[in-house]
Amino acid sequence: MKLKKAFKDFTIVNRAGNIEYAYVYNPDFFGFVPEDAIGRNFCQIYTNLSQETSTCMRAIHKGEVIHDYEQILERQDGMIVRQYEDVYVVKRGGQSIAAIELANYDESVDLLRAMEASRPGEEDEKLSLDSLVGSSPEMTDLKRKISKVADVDSAILLMGETGTGKELTARVIHALSNRREAPFIYVNCSALPENLLEGLLFGIKKGSFTDAEEKDGLFKMADKGTLFLDEMDSMPLRIQAKLLKAIEEKAVRPLGSNEVIYIDVRIIAASSSNARKILESRKIRPDLFFRLSVIQFQLPKLKNRGGDVFEIADYYVTMLNEMQHRDVKGFSADARRLLLKHDWPGNIRELKNIVEGFFAVSKKDIIEESDVNEHLRMGNHILQSASKKSEDAFQTFTASGLTLKDYLQTEETRLIDGAMQRAGGSIVKAAGELKISPSLLRYKLKEK
(Lines give C-alpha, C1' and ligand atoms only; values in the text may rest on other atoms or scores of the structure.)
Protein backbone atom coordinates (compact mmCIF):
# COMPACT_ATOMS: atom_id res chain seq x y z
CA MET A 1 0.00 0.00 0.00
CA LYS A 2 1.59 3.25 -1.11
CA LEU A 3 0.56 6.32 0.89
CA LYS A 4 -0.29 9.38 -1.18
CA LYS A 5 0.40 12.00 1.50
CA ALA A 6 1.19 12.67 5.14
CA PHE A 7 -1.56 12.17 7.72
CA LYS A 8 -2.29 12.95 11.38
CA ASP A 9 -4.70 10.20 12.40
CA PHE A 10 -4.75 6.44 11.85
CA THR A 11 -7.83 4.28 12.51
CA ILE A 12 -8.62 0.61 11.91
CA VAL A 13 -12.29 -0.41 11.71
CA ASN A 14 -13.52 -4.01 11.54
CA ARG A 15 -16.28 -5.33 9.31
CA ALA A 16 -18.95 -4.54 11.89
CA GLY A 17 -17.86 -0.91 11.96
CA ASN A 18 -16.25 -1.15 15.39
CA ILE A 19 -12.95 0.61 16.04
CA GLU A 20 -10.06 -1.80 16.63
CA TYR A 21 -7.29 0.81 16.86
CA ALA A 22 -7.17 4.61 16.84
CA TYR A 23 -4.31 7.08 16.94
CA VAL A 24 -5.61 10.66 17.13
CA TYR A 25 -3.12 13.51 17.00
CA ASN A 26 -5.51 16.05 18.53
CA PRO A 27 -8.29 14.39 20.60
CA ASP A 28 -9.74 17.79 21.58
CA PHE A 29 -10.50 18.45 17.92
CA PHE A 30 -12.73 15.36 17.70
CA GLY A 31 -14.14 15.47 21.22
CA PHE A 32 -13.24 11.95 22.38
CA VAL A 33 -10.32 10.04 23.89
CA PRO A 34 -8.99 7.35 21.50
CA GLU A 35 -8.85 4.68 24.24
CA ASP A 36 -12.56 5.24 24.91
CA ALA A 37 -13.35 4.65 21.24
CA ILE A 38 -11.91 1.13 21.04
CA GLY A 39 -14.73 -1.34 20.50
CA ARG A 40 -17.28 1.36 19.73
CA ASN A 41 -18.93 1.90 16.39
CA PHE A 42 -18.10 5.00 14.35
CA CYS A 43 -21.80 5.83 14.24
CA GLN A 44 -21.89 6.00 18.07
CA ILE A 45 -19.15 8.63 18.13
CA TYR A 46 -20.39 10.93 15.35
CA THR A 47 -24.09 11.68 15.28
CA ASN A 48 -24.30 12.26 11.52
CA LEU A 49 -22.68 8.99 10.42
CA SER A 50 -24.53 5.87 9.29
CA GLN A 51 -23.65 2.65 7.52
CA GLU A 52 -24.27 4.50 4.25
CA THR A 53 -22.36 7.72 4.98
CA SER A 54 -19.32 6.26 6.78
CA THR A 55 -16.39 6.02 4.38
CA CYS A 56 -14.99 3.07 6.33
CA MET A 57 -18.21 1.08 5.93
CA ARG A 58 -18.40 1.98 2.25
CA ALA A 59 -14.84 0.77 1.82
CA ILE A 60 -15.54 -2.54 3.57
CA HIS A 61 -18.89 -3.38 2.01
CA LYS A 62 -18.26 -2.06 -1.50
CA GLY A 63 -14.54 -2.73 -1.70
CA GLU A 64 -13.87 0.96 -2.42
CA VAL A 65 -10.48 2.58 -1.99
CA ILE A 66 -11.14 6.24 -1.22
CA HIS A 67 -8.72 9.12 -1.74
CA ASP A 68 -8.93 12.78 -0.67
CA TYR A 69 -12.50 12.49 0.59
CA GLU A 70 -13.87 15.47 2.55
CA GLN A 71 -15.70 14.00 5.54
CA ILE A 72 -17.90 16.19 7.75
CA LEU A 73 -18.30 14.84 11.29
CA GLU A 74 -20.74 16.01 13.96
CA ARG A 75 -19.39 15.48 17.47
CA GLN A 76 -21.57 14.47 20.41
CA ASP A 77 -21.41 18.05 21.77
CA GLY A 78 -22.81 19.47 18.52
CA MET A 79 -19.52 20.80 17.20
CA ILE A 80 -18.84 20.00 13.56
CA VAL A 81 -15.37 19.17 12.24
CA ARG A 82 -13.95 18.33 8.85
CA GLN A 83 -11.17 15.98 7.84
CA TYR A 84 -9.71 14.74 4.58
CA GLU A 85 -9.41 10.97 4.31
CA ASP A 86 -7.72 8.17 2.46
CA VAL A 87 -9.43 4.84 3.19
CA TYR A 88 -7.94 1.46 2.29
CA VAL A 89 -9.49 -2.01 2.45
CA VAL A 90 -7.96 -5.01 4.23
CA LYS A 91 -8.89 -8.32 2.60
CA ARG A 92 -8.55 -11.97 3.59
CA GLY A 93 -9.38 -14.70 1.14
CA GLY A 94 -11.01 -12.20 -1.17
CA GLN A 95 -13.33 -10.85 1.56
CA SER A 96 -13.06 -7.34 2.99
CA ILE A 97 -12.51 -7.70 6.73
CA ALA A 98 -11.44 -4.20 7.79
CA ALA A 99 -10.77 -0.65 6.67
CA ILE A 100 -7.81 1.60 7.43
CA GLU A 101 -8.57 5.31 7.54
CA LEU A 102 -5.77 7.88 7.28
CA ALA A 103 -6.95 11.40 8.03
CA ASN A 104 -5.62 14.93 7.92
CA TYR A 105 -7.06 18.27 9.01
CA ASP A 106 -6.13 21.83 9.90
CA GLU A 107 -7.47 22.81 13.32
CA SER A 108 -7.51 26.50 12.35
CA VAL A 109 -10.04 26.06 9.53
CA ASP A 110 -11.66 22.64 9.96
CA LEU A 111 -13.43 23.15 13.30
CA LEU A 112 -16.52 24.29 11.42
CA ARG A 113 -19.12 24.67 14.18
CA ALA A 114 -16.83 26.88 16.25
CA MET A 115 -17.15 29.45 13.50
CA GLU A 116 -19.88 29.67 10.94
CA ALA A 117 -20.98 32.18 8.34
CA SER A 118 -24.57 32.56 7.19
CA ARG A 119 -24.87 34.42 3.91
CA PRO A 120 -27.88 36.26 2.48
CA GLY A 121 -30.33 33.89 0.88
CA GLU A 122 -29.73 31.05 3.34
CA GLU A 123 -31.90 29.74 6.17
CA ASP A 124 -31.58 32.87 8.33
CA GLU A 125 -33.77 34.83 5.91
CA LYS A 126 -36.76 32.77 7.07
CA LEU A 127 -36.27 33.79 10.70
CA SER A 128 -38.70 36.13 12.44
CA LEU A 129 -39.98 36.84 15.94
CA ASP A 130 -42.26 33.81 15.50
CA SER A 131 -39.09 31.68 15.38
CA LEU A 132 -38.82 32.34 19.13
CA VAL A 133 -41.59 29.90 20.03
CA GLY A 134 -43.66 30.80 23.07
CA SER A 135 -46.35 33.22 24.20
CA SER A 136 -45.63 33.44 27.94
CA PRO A 137 -45.32 36.94 29.45
CA GLU A 138 -41.53 36.47 29.60
CA MET A 139 -41.27 35.67 25.88
CA THR A 140 -43.80 38.31 24.86
CA ASP A 141 -41.73 40.93 26.68
CA LEU A 142 -38.49 39.65 25.13
CA LYS A 143 -39.93 39.79 21.60
CA ARG A 144 -41.24 43.32 22.20
CA LYS A 145 -37.78 44.50 23.28
CA ILE A 146 -36.07 42.77 20.36
CA SER A 147 -38.35 44.46 17.85
CA LYS A 148 -37.36 47.85 19.31
CA VAL A 149 -33.60 47.36 19.10
CA ALA A 150 -33.17 45.16 16.01
CA ASP A 151 -32.10 48.10 13.83
CA VAL A 152 -29.95 49.77 16.49
CA ASP A 153 -26.19 49.32 15.93
CA SER A 154 -25.32 49.16 19.63
CA ALA A 155 -23.76 45.95 20.97
CA ILE A 156 -26.12 43.45 22.58
CA LEU A 157 -25.35 40.98 25.37
CA LEU A 158 -27.57 37.89 25.61
CA MET A 159 -27.46 36.14 28.98
CA GLY A 160 -29.08 32.84 29.83
CA GLU A 161 -28.45 29.27 30.88
CA THR A 162 -27.27 26.70 28.38
CA GLY A 163 -30.15 25.66 26.13
CA THR A 164 -32.25 28.82 26.50
CA GLY A 165 -31.80 29.80 22.84
CA LYS A 166 -29.12 32.50 22.80
CA GLU A 167 -27.82 31.66 19.34
CA LEU A 168 -31.30 31.53 17.81
CA THR A 169 -32.14 34.87 19.44
CA ALA A 170 -28.99 36.41 17.96
CA ARG A 171 -29.90 35.11 14.50
CA VAL A 172 -33.44 36.49 14.83
CA ILE A 173 -32.09 39.92 15.78
CA HIS A 174 -29.83 39.85 12.71
CA ALA A 175 -32.70 38.74 10.46
CA LEU A 176 -34.87 41.64 11.68
CA SER A 177 -32.12 44.25 11.35
CA ASN A 178 -31.12 46.44 8.42
CA ARG A 179 -27.99 44.27 8.22
CA ARG A 180 -29.98 41.18 7.19
CA GLU A 181 -28.53 41.20 3.65
CA ALA A 182 -24.96 41.00 5.03
CA PRO A 183 -23.30 37.98 6.73
CA PHE A 184 -24.05 36.64 10.18
CA ILE A 185 -20.79 35.25 11.59
CA TYR A 186 -20.84 32.88 14.57
CA VAL A 187 -17.76 32.11 16.68
CA ASN A 188 -17.65 30.05 19.87
CA CYS A 189 -14.93 31.69 21.96
CA SER A 190 -14.67 28.71 24.31
CA ALA A 191 -14.08 26.16 21.55
CA LEU A 192 -10.90 27.68 20.14
CA PRO A 193 -7.43 27.94 21.72
CA GLU A 194 -5.86 31.38 22.03
CA ASN A 195 -3.36 30.86 19.21
CA LEU A 196 -6.20 30.13 16.76
CA LEU A 197 -8.75 32.63 18.04
CA GLU A 198 -6.62 35.72 17.43
CA GLY A 199 -5.94 34.86 13.79
CA LEU A 200 -9.57 33.89 13.20
CA LEU A 201 -10.91 37.15 14.55
CA PHE A 202 -8.46 39.60 13.05
CA GLY A 203 -6.94 37.78 10.06
CA ILE A 204 -3.44 36.59 9.16
CA LYS A 205 -0.88 38.10 6.81
CA LYS A 206 0.96 35.55 4.67
CA GLY A 207 4.40 34.78 6.07
CA SER A 208 3.71 36.34 9.47
CA PHE A 209 4.87 33.05 10.99
CA THR A 210 6.09 29.68 9.68
CA ASP A 211 3.75 28.31 6.97
CA ALA A 212 1.25 31.13 7.58
CA GLU A 213 -1.25 31.58 4.75
CA GLU A 214 -3.21 34.75 3.98
CA LYS A 215 -6.59 34.56 5.75
CA ASP A 216 -9.38 37.06 6.24
CA GLY A 217 -10.48 37.45 9.84
CA LEU A 218 -14.06 37.03 11.01
CA PHE A 219 -14.35 40.78 11.60
CA LYS A 220 -13.64 41.42 7.93
CA MET A 221 -15.99 38.60 6.88
CA ALA A 222 -18.74 40.17 9.00
CA ASP A 223 -18.34 43.66 7.50
CA LYS A 224 -21.75 45.38 7.23
CA GLY A 225 -23.24 42.41 9.10
CA THR A 226 -23.30 40.84 12.56
CA LEU A 227 -20.55 39.11 14.54
CA PHE A 228 -21.90 36.77 17.24
CA LEU A 229 -19.40 36.06 20.05
CA ASP A 230 -20.76 33.05 21.92
CA GLU A 231 -19.33 32.38 25.42
CA MET A 232 -17.54 35.73 25.18
CA ASP A 233 -16.39 35.61 28.83
CA SER A 234 -14.17 32.60 28.06
CA MET A 235 -11.99 34.67 25.73
CA PRO A 236 -8.33 35.01 26.82
CA LEU A 237 -7.52 38.40 28.37
CA ARG A 238 -4.86 39.19 25.79
CA ILE A 239 -7.39 38.75 22.99
CA GLN A 240 -9.89 40.84 24.95
CA ALA A 241 -7.51 43.83 24.80
CA LYS A 242 -7.27 43.54 21.01
CA LEU A 243 -11.02 43.09 20.71
CA LEU A 244 -11.66 46.23 22.75
CA LYS A 245 -9.29 48.20 20.52
CA ALA A 246 -10.99 46.87 17.39
CA ILE A 247 -14.41 47.91 18.70
CA GLU A 248 -13.22 51.39 19.70
CA GLU A 249 -11.33 52.06 16.46
CA LYS A 250 -13.76 50.16 14.22
CA ALA A 251 -10.67 48.66 12.62
CA VAL A 252 -8.52 45.52 12.82
CA ARG A 253 -4.91 44.68 12.05
CA PRO A 254 -4.23 41.14 10.78
CA LEU A 255 -1.50 39.17 12.53
CA GLY A 256 1.91 40.11 11.15
CA SER A 257 0.58 43.12 9.24
CA ASN A 258 0.68 46.89 9.69
CA GLU A 259 -2.36 47.27 7.44
CA VAL A 260 -5.45 48.76 9.07
CA ILE A 261 -8.77 47.34 7.85
CA TYR A 262 -11.79 49.45 8.72
CA ILE A 263 -14.93 47.49 9.47
CA ASP A 264 -18.62 48.16 10.12
CA VAL A 265 -19.79 45.33 12.35
CA ARG A 266 -22.58 44.96 14.86
CA ILE A 267 -21.57 42.71 17.77
CA ILE A 268 -23.90 40.42 19.67
CA ALA A 269 -22.23 38.63 22.58
CA ALA A 270 -23.55 35.80 24.74
CA SER A 271 -22.81 34.28 28.14
CA SER A 272 -24.38 31.55 30.25
CA SER A 273 -23.88 33.75 33.36
CA ASN A 274 -25.68 36.93 34.38
CA ALA A 275 -24.06 40.37 34.42
CA ARG A 276 -23.14 40.30 38.12
CA LYS A 277 -21.49 36.88 37.91
CA ILE A 278 -19.60 37.83 34.75
CA LEU A 279 -18.04 40.87 36.43
CA GLU A 280 -17.40 39.07 39.72
CA SER A 281 -15.61 36.22 37.93
CA ARG A 282 -13.03 38.70 36.56
CA LYS A 283 -12.87 36.60 33.41
CA ILE A 284 -13.60 39.64 31.32
CA ARG A 285 -12.20 43.16 31.36
CA PRO A 286 -14.81 45.56 32.80
CA ASP A 287 -14.24 48.07 29.99
CA LEU A 288 -14.87 45.37 27.37
CA PHE A 289 -17.91 44.08 29.24
CA PHE A 290 -19.55 47.50 29.16
CA ARG A 291 -18.70 47.88 25.47
CA LEU A 292 -20.39 44.56 24.71
CA SER A 293 -23.45 45.06 26.92
CA VAL A 294 -24.93 48.39 25.87
CA ILE A 295 -28.20 46.49 25.49
CA GLN A 296 -28.76 43.49 27.77
CA PHE A 297 -31.28 40.66 27.46
CA GLN A 298 -31.76 37.95 30.07
CA LEU A 299 -33.27 34.89 28.40
CA PRO A 300 -35.76 33.11 30.70
CA LYS A 301 -35.37 29.53 31.88
CA LEU A 302 -37.84 27.10 30.34
CA LYS A 303 -39.18 26.11 33.76
CA ASN A 304 -40.28 29.75 34.28
CA ARG A 305 -42.18 29.96 30.98
CA GLY A 306 -45.30 27.96 31.94
CA GLY A 307 -47.29 26.73 28.95
CA ASP A 308 -44.48 27.56 26.53
CA VAL A 309 -43.22 24.03 27.15
CA PHE A 310 -46.25 22.68 25.23
CA GLU A 311 -45.84 25.12 22.34
CA ILE A 312 -42.17 24.21 21.97
CA ALA A 313 -42.83 20.47 22.27
CA ASP A 314 -45.58 20.65 19.63
CA TYR A 315 -43.32 22.73 17.38
CA TYR A 316 -40.61 20.05 17.39
CA VAL A 317 -43.15 17.27 16.83
CA THR A 318 -44.52 19.11 13.77
CA MET A 319 -41.02 19.80 12.46
CA LEU A 320 -39.89 16.17 12.79
CA ASN A 321 -43.15 14.87 11.31
CA GLU A 322 -42.43 16.94 8.20
CA MET A 323 -38.77 15.92 8.03
CA GLN A 324 -39.37 12.19 8.56
CA HIS A 325 -42.82 11.88 6.93
CA ARG A 326 -44.33 10.66 10.20
CA ASP A 327 -47.71 11.34 11.79
CA VAL A 328 -46.92 11.50 15.52
CA LYS A 329 -49.92 13.09 17.24
CA GLY A 330 -47.91 14.62 20.06
CA PHE A 331 -47.84 14.04 23.82
CA SER A 332 -50.50 12.20 25.82
CA ALA A 333 -52.29 14.03 28.65
CA ASP A 334 -50.18 12.26 31.30
CA ALA A 335 -46.98 13.06 29.37
CA ARG A 336 -48.00 16.74 29.12
CA ARG A 337 -48.55 16.91 32.89
CA LEU A 338 -45.05 15.50 33.36
CA LEU A 339 -43.60 18.08 30.97
CA LEU A 340 -45.18 20.89 32.99
CA LYS A 341 -43.91 19.48 36.30
CA HIS A 342 -40.29 18.96 35.19
CA ASP A 343 -37.62 21.55 36.14
CA TRP A 344 -35.83 21.48 32.74
CA PRO A 345 -32.19 21.93 33.79
CA GLY A 346 -31.23 21.61 30.11
CA ASN A 347 -33.94 24.09 29.04
CA ILE A 348 -35.18 24.04 25.42
CA ARG A 349 -32.35 21.79 24.30
CA GLU A 350 -33.42 19.11 26.76
CA LEU A 351 -37.02 19.24 25.54
CA LYS A 352 -35.85 19.00 21.93
CA ASN A 353 -33.77 15.94 22.84
CA ILE A 354 -36.85 14.20 24.27
CA VAL A 355 -38.77 14.66 21.02
CA GLU A 356 -35.83 13.71 18.80
CA GLY A 357 -35.07 10.67 20.96
CA PHE A 358 -38.66 9.45 20.63
CA PHE A 359 -38.64 9.82 16.85
CA ALA A 360 -35.34 7.94 16.67
CA VAL A 361 -36.33 4.85 18.67
CA SER A 362 -40.13 4.58 18.60
CA LYS A 363 -42.64 3.81 15.86
CA LYS A 364 -45.65 4.77 18.01
CA ASP A 365 -47.86 7.69 16.99
CA ILE A 366 -48.08 9.30 20.44
CA ILE A 367 -45.47 10.15 23.08
CA GLU A 368 -46.50 8.55 26.37
CA GLU A 369 -45.56 9.42 29.95
CA SER A 370 -43.23 6.38 30.01
CA ASP A 371 -41.30 7.74 27.00
CA VAL A 372 -40.69 11.04 28.76
CA ASN A 373 -39.85 9.33 32.06
CA GLU A 374 -37.21 7.16 30.40
CA HIS A 375 -35.41 10.23 29.07
CA LEU A 376 -35.67 12.08 32.39
CA ARG A 377 -34.24 9.12 34.34
CA MET A 378 -31.25 8.96 31.99
CA GLY A 379 -30.70 12.71 32.31
CA ASN A 380 -30.87 12.65 36.10
CA HIS A 381 -28.37 9.78 36.24
CA ILE A 382 -25.89 11.70 34.08
CA LEU A 383 -26.32 14.91 36.10
CA GLN A 384 -25.88 13.12 39.44
CA SER A 385 -22.79 11.27 38.20
CA ALA A 386 -21.22 14.47 36.88
CA SER A 387 -22.04 16.31 40.11
CA LYS A 388 -20.43 13.59 42.26
CA LYS A 389 -17.25 13.59 40.14
CA SER A 390 -17.06 17.38 40.37
CA GLU A 391 -17.53 17.32 44.14
CA ASP A 392 -14.89 14.57 44.59
CA ALA A 393 -12.38 16.53 42.51
CA PHE A 394 -13.03 19.69 44.52
CA GLN A 395 -12.60 17.87 47.83
CA THR A 396 -9.24 16.49 46.65
CA PHE A 397 -8.14 19.96 45.63
CA THR A 398 -9.13 21.65 48.93
CA ALA A 399 -7.49 18.87 50.97
CA SER A 400 -4.18 19.51 49.19
CA GLY A 401 -3.85 23.00 50.71
CA LEU A 402 -2.34 24.27 47.43
CA THR A 403 -3.33 27.18 45.26
CA LEU A 404 -5.15 26.21 42.06
CA LYS A 405 -2.06 27.02 39.97
CA ASP A 406 0.25 24.90 42.13
CA TYR A 407 -2.28 22.06 42.34
CA LEU A 408 -2.65 21.87 38.55
CA GLN A 409 1.14 22.00 38.13
CA THR A 410 1.54 19.15 40.62
CA GLU A 411 -1.09 17.04 38.86
CA GLU A 412 0.52 17.66 35.48
CA THR A 413 3.94 16.67 36.80
CA ARG A 414 2.49 13.49 38.32
CA LEU A 415 0.83 12.51 35.03
CA ILE A 416 3.97 13.23 32.99
CA ASP A 417 6.22 11.25 35.38
CA GLY A 418 3.83 8.31 35.28
CA ALA A 419 3.62 8.34 31.49
CA MET A 420 7.40 8.53 31.12
CA GLN A 421 7.86 5.63 33.53
CA ARG A 422 5.31 3.46 31.69
CA ALA A 423 6.91 4.38 28.35
CA GLY A 424 10.37 3.38 29.58
CA GLY A 425 11.65 6.92 29.04
CA SER A 426 10.38 7.17 25.44
CA ILE A 427 9.11 10.71 24.83
CA VAL A 428 7.20 9.64 21.73
CA LYS A 429 5.33 6.87 23.56
CA ALA A 430 4.65 9.02 26.61
CA ALA A 431 3.39 11.89 24.42
CA GLY A 432 1.05 9.45 22.68
CA GLU A 433 -0.35 8.33 26.05
CA LEU A 434 -0.80 11.95 27.20
CA LYS A 435 -2.37 12.95 23.85
CA ILE A 436 0.10 15.78 23.28
CA SER A 437 2.84 16.27 20.72
CA PRO A 438 6.39 15.03 21.52
CA SER A 439 7.71 18.60 21.12
CA LEU A 440 5.29 19.89 23.76
CA LEU A 441 6.27 17.09 26.14
CA ARG A 442 9.99 17.90 25.66
CA TYR A 443 9.21 21.53 26.50
CA LYS A 444 7.33 20.55 29.66
CA LEU A 445 10.15 18.22 30.76
CA LYS A 446 12.66 21.07 30.40
CA GLU A 447 10.42 23.27 32.57
CA LYS A 448 10.37 20.77 35.45
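Predicted model: local features only at pLDDT ≥ 70, side-chain atom pairs only at ≥ 80, totals over all residues.

First, the chain. There are 19 helices and 13 strands. Of the 448 residues, 43% are buried. Take the contacts between residues at least 6 apart in sequence: 66% of these join residues at least 24 apart. The accessible surface is about 23,900 Å², and carbon and sulfur atoms account for 51% of that.

Now the helix: α13, residues 308-324. It has 17 residues, so at 1.5 Å a residue α13 should span 24 Å. The C-alpha atoms at its ends are 24 Å apart, which agrees.

Which residues of α13 are buried? They are D308, V309, F310, I312, A313, Y316, V317, L320 and N321. The cover over these buried residues includes α6 (137-149), α14 (333-341) and α15 (347-361).

Let's look at α15. The axes of α13 and α15 lie 10 Å apart, and the two helices pack at about 40 degrees. Angles under 35 degrees would count as roughly parallel. So α13 and α15 are oblique to each other. Their crossing is right-handed.

Who meets whom? From α13, the contact residues are V309, I312, A313, Y316, V317, L320, N321 and Q324. On the α15 side they meet I348, L351, K352, V355, E356 and F359.

That's my tour. Over to you.

How values were computed. Residues numbered from 1 in each chain as written. Heavy atoms only, no water. Helix = DSSP H or I, 4+ residues; strand = E, 2+ residues; numbered from the N terminus. Buried < 20%, exposed > 50% of the residue type's maximum accessible area, 1.4 Å probe, protein only. Contact = heavy atoms within 4.5 Å. Areas by Shrake-Rupley, 256 points an atom, 1.4 Å probe, with all protein chains shown as cover. Expected span 1.5 Å × (residues − 1). Axes fitted to C-alpha atoms, helices over the stretch in contact; angles between N-to-C directions. Parallel < 35°, antiparallel > 145°, perpendicular 65-115°, else oblique. Left-handed = near helix turned anticlockwise from the far one by under 90°.
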